[in-house]
Amino acid sequence: VIEGLEHFPPDQPILFAANHQGIFDGPLLDLALGHRPTVGLTAPYQYFPWPISFWFSQIGGIDVARDEDEAKKYPTANTPKRAVQLMVNELAVKRRSALLFPEGHVEKKPHLIEFKTGAVRIALLAGVELVPVTIQGTRHTFMPGRLLFLPGTITVTFHSVSPLPNDP
């Protein structure tokens, strides 16, 4: 089920920031966005099993070493500063929308974890709207740690946001 996407013109670059319940959330969100040109920000490609790593390469995903351990293990991944620059370029110059998961990874416990600040920084630097997205149901339909799908309903909700009041 896809809700709320009709409020966002497909030719307008937008940064979509979603919660992260399961390993297939990225491809699912990309599918929900339809034909909108989109790029994703992700952990290093090598971190993911095929077909997720293949999907990221196909959409031109920007990978980032999220900490020092990942930087050592995946030396070809972008630094956080470089990943932010690349995402801003995709949004502001190439006019592509982008998706990311501010939690930074899938949490094994069934609750949100603290959001990283990159989504807000990228949206401000690129001058684009930051749209919150809620994904519900993937925790139960995509088995964690296994490439197994179970029956169920997945809902992707694109939330409208009110503009901030102008400063006097």
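Which residue in β4 is the bridge partner of T42? It is D63.

Some ground rules. This is a predicted model, in which local features need pLDDT of at least 70 and side-chain atom pairs count only at pLDDT 80 or more, while totals for chains, interfaces and linings use all residues. Residues are numbered from 1 along each chain as its sequence is written, and side-chain values use heavy atoms, with hydrogens and water left out. Helices (H or I, at least four residues) and strands (E, at least two) are DSSP runs, numbered from the N terminus.

The sheet, then. It is open, with 7 strands in the order β1-β7-β6-β2-β5-β3-β4, and the pairing is mixed. Two strands pair if DSSP finds at least two bridges between them. Strands of a sheet pair through backbone hydrogen bonds, either parallel or antiparallel. Now the edges. β1 (2–3) and β4 each have a single partner strand, so one side of each is left without a neighbour in the sheet.

With β4 it pairs in the parallel sense, over 2 bridges. L41 has I62 as its bridge partner in β4. With β5, β3 also runs parallel, joined by 3 bridges. There, T38 has S97 as its bridge partner. Is β3 mostly covered or mostly open? Mostly covered: 5 of its 5 residues are buried. Buried means under 20% relative accessible area, exposed over 50%, and partly exposed in between (1.4 Å probe, protein chains only). T38, G40 and T42 lie on one side of β3, V39 and L41 on the other, and all are buried.

R95 sits in the loop between α4 and β5. Phi of R95 is near 60°, a positive value in a residue other than glycine. Most residues other than glycine have a negative phi. At 48% relative accessibility, R95 counts as partly exposed.

Now the cores. A nonpolar core is a set of buried Ala, Val, Leu, Ile, Met, Phe, Trp, Tyr and Cys residues joined through side-chain atoms within 4.5 Å. The largest has 25 residues, and F16, L29, V133, V156 and F158 have the most contacts inside it. β2, α1 (25–32), α2 (52–58), β6 and β7 (155–158) each supply at least two of its residues. Apart from it lies another core, of 18 residues, among them I62, M87, I122 and A126. Back to F16. Leaving aside neighbours within four places in sequence, its contacts (heavy atoms within 4.5 Å) include S97, L99, V133 and F158.

Last stop, F142. This residue is in the loop between α6 (138–141) and β7. At 10% relative accessibility, F142 counts as buried. F142 and G152 are 10 residues apart in sequence and 9.5 Å apart in space, C-alpha to C-alpha.
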